[in-house]
Protein chains: 4
Amino acid sequence: MRGKCMVRVAVLGASGYTGGELLRILALHPEAEVVAATSREYAGKPIHFVHFNLRGWLRGLRFTAFNLDDILRRDPDTVFSALPHGVGVETTRQLYEAGVQVVDLSADYRLKDPEAYVRWYGWEHPYPDLLEKAIYGLPELHREELAGARLIASPGCNATAAILSIAPLVKEELIDTSRILVDVKVGSSEGGSKPTRGSHHPERENAIRPYEPHGHRHAAEAEQELSRLAGKPVKVSLVPHAVSSIRGALASTHAWVLRETGSQELLRIYTSFYKDSKFVRIVYGTPPGYPDPKYVVGSNYADVGFAYEDRVGRLTGFAAIDNLIRGAAGQAVQAWNISRGMREELGLDYPPLKPL
Amino acid sequence: MRGKCMVRVAVLGASGYTGGELLRILALHPEAEVVAATSREYAGKPIHFVHFNLRGWLRGLRFTAFNLDDILRRDPDTVFSALPHGVGVETTRQLYEAGVQVVDLSADYRLKDPEAYVRWYGWEHPYPDLLEKAIYGLPELHREELAGARLIASPGCNATAAILSIAPLVKEELIDTSRILVDVKVGSSEGGSKPTRGSHHPERENAIRPYEPHGHRHAAEAEQELSRLAGKPVKVSLVPHAVSSIRGALASTHAWVLRETGSQELLRIYTSFYKDSKFVRIVYGTPPGYPDPKYVVGSNYADVGFAYEDRVGRLTGFAAIDNLIRGAAGQAVQAWNISRGMREELGLDYPPLKPL
Amino acid sequence: MRGKCMVRVAVLGASGYTGGELLRILALHPEAEVVAATSREYAGKPIHFVHFNLRGWLRGLRFTAFNLDDILRRDPDTVFSALPHGVGVETTRQLYEAGVQVVDLSADYRLKDPEAYVRWYGWEHPYPDLLEKAIYGLPELHREELAGARLIASPGCNATAAILSIAPLVKEELIDTSRILVDVKVGSSEGGSKPTRGSHHPERENAIRPYEPHGHRHAAEAEQELSRLAGKPVKVSLVPHAVSSIRGALASTHAWVLRETGSQELLRIYTSFYKDSKFVRIVYGTPPGYPDPKYVVGSNYADVGFAYEDRVGRLTGFAAIDNLIRGAAGQAVQAWNISRGMREELGLDYPPLKPL
Amino acid sequence: MRGKCMVRVAVLGASGYTGGELLRILALHPEAEVVAATSREYAGKPIHFVHFNLRGWLRGLRFTAFNLDDILRRDPDTVFSALPHGVGVETTRQLYEAGVQVVDLSADYRLKDPEAYVRWYGWEHPYPDLLEKAIYGLPELHREELAGARLIASPGCNATAAILSIAPLVKEELIDTSRILVDVKVGSSEGGSKPTRGSHHPERENAIRPYEPHGHRHAAEAEQELSRLAGKPVKVSLVPHAVSSIRGALASTHAWVLRETGSQELLRIYTSFYKDSKFVRIVYGTPPGYPDPKYVVGSNYADVGFAYEDRVGRLTGFAAIDNLIRGAAGQAVQAWNISRGMREELGLDYPPLKPL
């Protein structure tokens, strides 16, 4: 059914949750043809051996162990890499140098400042030159640079929610940018597909559990992007909490205003900032009143809203996303669509499911 | 974007969960144009006032109170009725007589025997003649009769799972049809969108709760359809249990064999019975081993499987469905596609989401 | 088995969740005899008609409609009132004047400043004199005043968690008290036992939903108590979020330090502040690392901890409680024990359940 | 506080879920003193390192690696063994021969017929003589034999629920004992504390998943005990399903009647059978209508009920238990209480929590 002019794509790290969502989305994408899916652990197995939902889909495809030559032999136009942080930094460079477009979903190419890798990730980045060339794949902030991009660094899920929740206010210079506090609540799929003691169902269900509250790495991305918007250094503190859902992340970004404001002005600021963003929906004035990840799950939407407590001058921006779609695979495909001049919504143009 | 030759559809009872899923599926359906959505309670409100997921979709549409003339004035080709049992029995007939195709998702036209309505629903059916004309909308059993059907009675969710789980064995005359026990486990969305004491989150979450265990109405449908397959009366006892999920239903249909059998024969029987069914997937031999609604949620698939305990001659057929899609809105659209000579999978051709 | 010298207690509003927990705890309390339990809706029914868990307990008791004379005729020493806010303000005064000790679990007597009722609750408090006499029933802050108290105003659940999470740092003058941000995550039981559209299981499960983010009432209690500790006005902004659990609340109280600090100093401050508090446990240095309501549910414990991000000078105090026990019924009994010179832990001296 | 006359108890396999519940229950038991808790993995760690709920309890105690001499040196009166099946078969015998009372919570001594171990567990039992001496620790069936018992084989959780649900009808000879079908629904804690791919939260939550549907081992226990009651061989087929709860198991035991019956007779049969059972509660005629594990969680109760569909002669007995308490640790302590002539309810005498 699919023609010869389709874009040939490969997915690295395809047996994890992000990899699975990439496969699902690309299997439905009218311009993509999946030519390879790698997994060390499941090499040789059919896709549905791991992704039970894909039974009956991508029928010819089996996982293969990663091997650069093998990948290149399949002649992909684009490689989506869902390898863990640090694991694919070399691979990404090799593919890039071989002329293959890379959409890297790890943190490996997200930060512009090489020293930030030392500070936040504990390793020296081997390819600072490539950091400059990578485009941070948040379409709402980098739509123009994404056109034609050959290396896209797809944002982290917490960072995506954090940035989308507060970007309009940072840009508007409405808030004190020295004290931005992002309190994130996320579902269990954010931890990936590998079982751990903390992810064991009896231990994970019903949890309301802070993790890495001493300073989470995604703050680095949020600071980088918001500072760029503000035109000056912005401080972001990010505290994630694991809650019971499987999918979904809500960033409640608390800040203090520099001057008085009100709902109408805030609505105008948010609406105006996102006026060209097909995958951002402003939630205001109708039920449920504020963004709730529950009502975006299964889609690439970010629902964005706000609340203002004038008594104390505190303002909260909210952004709700499906962490595996808008926070990972969906956003990667959205940025990729833009990079290749395709319609931004291609393959992503469906609403969330409710109730879910 | 959509042309003049699209099928004009109206949805009655559109503010409930089944109505919401119909709207979602039809909004994406390449051949459907939604011309009306009725709701007594929310008349005048935009669709996303109730279906938060549909924010940004079906933009021109608002709920209207049901009124026959008003509906007819919009000139629908098909009316999907998601009204509660008994409420729309008159409306369905009026629409049918006005020449409109009706897909009725209530129980009102599912049973062929008018007396069954007295026994199971406690009222005398006013239009026994129409019962004869209605086609039971389970595509796997009635694909041929559905072609051109003007009145489709879409099956109940428990009945769908029950029938799909065991139909091949009934047809094969492998089991004792006087003692079929369907033990169903269902999520909370099956109870509809109206809050009750039992559906209050603190009371409903973590429940494992039998309901109507003295004899559930969907047994009537299952008996009717399985008897037809068997060519003789079949007895079905159906005991549903409310469990914690929101979506999903699993029928574990326990029966006793009339002769010895084994996995290979069973696999052959199931595979052969469903060989033309695009929305039935046989789960056998690879993880997770048996059907689990978790891995069909968000899709129109029924995952079907079986287990045989030869020590006691007990056989269990399993069918896992998304109760709102394969158990309601999706199956209705599937049957409707067939009825109009469209491709059976149109608008339903996507895999489930995982993890969810 | 129980003797004549037991304390006679009545529970008003006994059919709700807080009322049910009061009945459960008092049924097990070695010094309490429950002589009445009121409920308008369930008058005449046995206790287990509503509280299914109490089947076989409090056998002689039935709900009665509230009537002052009837209550007084039963000669209670103490009345625990779990009536909704505003409903029992008159009753509490009448009982108090009749010489009955009252433990009021509503907000009616928590605030010292009568004008705060106008501001936060929208009504003028009719008995400002009684506000002065009421003791705020947070044992960690008012243990001495509780001895002999005749009117105890039991704290709100969010306020309890908020105050316990940060009180040591406020007292120590370590943080900027003009910008305290309490981000609370709570389970569904906090909304009470009455079904609503938002509490309907399919809508409530998987939610991560801000509510009243423009300024929540419990901030008033937290400001009152923390200001008292600080000896100067403190500003508290409190933003609650509904998450999927049934029980449990976590307050993540974010603040900025006035000077550098470190884990060892923080540990010393917290440990020292709570050294006499049998129901506060400091979580530090062993798994799970930070407080999680999951591991206090079913008990009267508050698990308290902290995290410090020196890079930005942000400090977070955490407090995890079972909102129905430490946030309501348990804490009320704890304060009551103190008020009557009984051992503080009486009837509450058991660990949480795990896993739960 | 505790005197010299307390019973000295040790817990083997104390870091798992059953071990944790044993420690919790024994820590509160007025006649027990915990003198040892073994765990290979956590030897040397304090109890709360694993059982976060027990922070502040059993303060002096640390896990020790299992060593027979070491255990004997601590001079325990009773050893509760929560070791996995097969692992402690030798240890149990050694302790027994050393004169120590053993309550074995594994399957190692539950079956009387040595050949059943070959058939169901795949190994030859090394001590058939000891099988004869062991008492099956289901108090409702073996109360008299438990008095003075030196080796108690505590029942499996599914078997407990299965037997309690249907025992009265088997005894009464009301049902066809050649076709008893036990459909069990259980929470995730039944799988133990070890993380697996299937127990990973994103895979386990929302599951409705049959497991071992070809024939589950607990059927062996149920057959043994029900055959004994019936005075003739009984056939039991048991099909468990994993559902979303953490705790709780419901057995829905479906059977066909040999003669007509009705609710009043059934109520009489159940009530009469359990008239001396303090931990069995008959649920009939008041909400929630049928047993639901939700309302026994946190307690040692089994809630038992039934439903009869006369149309087809099908009868279902229900039993709802907390799988870790009535299905494991609580029942073990209940049987132990009886064995030592203590009050049966000692240390277990509290109601469930609601909502939970």
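Student: Quick one to start. Which residue in S6(C) is the bridge partner of C:Tyr136?

Tutor: C:Ala153 is the bridge partner of C:Tyr136 in S6(C). Keep in mind that this is a predicted model.

Student: How many bridges join S5(C) to S6(C), and do they run parallel or antiparallel?

Tutor: There are 2 bridges between S5(C) and strand S6, residues 151-153 of chain C. The two strands run parallel.

Student: What order do the strands take in the open sheet of chain C?

Tutor: The order is S2-S1-S3-S4-S6-S5, which makes 6 strands with parallel pairing.

Student: And which strands stand at the edges?

Tutor: Strand S2 (32-37) and strand S5 (135-136) of chain C do. Each has a single partner strand, so one side of each has no neighbour in the sheet.

Student: New topic, chain B. How many residues of strand S9 are buried?

Tutor: 7 of the 7 residues of strand S9 (residues 236-242) of chain B are buried, so the rest of the structure largely encloses this strand.

Student: Which residues are on each side of S9(B)?

Tutor: One side has B:Val236, B:Leu238, B:Pro240 and B:Ala242. The other has B:Ser237, B:Val239 and B:His241. Both faces are covered.

Student: OK. How does S7 of chain B pair with S9(B)?

Tutor: Strand S7 (residues 180-186) pairs with S9(B) in the parallel sense, over 7 bridges. In one of these, B:Lys185 has B:His241 as its partner.

Student: And in which sense does S8 of chain B pair with S9(B)?

Tutor: Antiparallel, over 2 bridges, for strand S8 (residues 209-210) of chain B. Look at B:His241 again: B:Pro210 stands opposite this residue.

Student: Let's do the copies. What rotation superposes chain D on chain B?

Tutor: A rotation of 180°, with 0.0 Å of shift along its axis, and the RMSD is 0.0 Å. The two copies are thus related as by a two-fold rotation axis.

Student: Which C-alpha in chain D is nearest the axis?

Tutor: The C-alpha of D:Ser244, at 2.8 Å from the axis.

Student: How many residues are in contact between chain D and chain B?

Tutor: 41 residues of chain D are in contact with 41 residues of chain B. S11(D) gives the most to the chain D side, with 4 residues. By class, that side has 19 nonpolar, 11 polar and 11 charged residues.

Student: Why say the copies meet through the same surface?

Tutor: Because 100% of the interface residues of chain D are also interface residues in chain B.

Student: What domains does chain A have?

Tutor: Domain 1 (7-133) and domain 2 (157-323). Their C-alpha centres lie 27 Å apart. 9 residues of domain 1 are in contact with 7 residues of domain 2 in chain A. Helix H4 (residues 114-121) of chain A gives the largest share of the domain 1 side, 3 residues.

Student: Last one. Is D:Leu54 buried or exposed?

Tutor: Buried: 22 other C-beta atoms lie within 10 Å of D:Leu54, and 20 or more is the cut-off. D:Leu54 is in the loop between strands S2 (32-38) and S3 (63-64) of chain D.

Student: What is D:Leu54 in contact with, leaving aside neighbours within four places in sequence?

Tutor: C:Pro351, D:Leu23, D:Arg24, D:Ile47 and D:His48. D:Leu23 is 31 residues away in sequence, and 8.7 Å away in space from C-alpha to C-alpha.

Methods:
Residues are numbered from 1 along each chain as its sequence is written. Chains are lettered from A and ligands numbered from 1 in the order in which they are written. This is a predicted model: local features need pLDDT of at least 70, side-chain atom pairs count only at pLDDT 80 or more; totals for chains, interfaces and linings use all residues. Copies are superposed by least squares on the C-alpha atoms of residues with pLDDT of at least 70 in both. Two residues are in contact if their C-beta atoms, placed from the backbone, lie within 7 Å. Domain bounds come from an automatic or database domain assignment. Ala, Val, Leu, Ile, Met, Phe, Trp, Tyr, Cys and Pro count as nonpolar, Asp, Glu, Lys and Arg as charged, and the others, Gly among them, as polar. A residue is buried if 20 or more other C-beta atoms lie within 10 Å of its own, exposed if 12 or fewer, and partly exposed in between; C-beta atoms are placed from the backbone. Two strands pair if DSSP finds at least two bridges between them.
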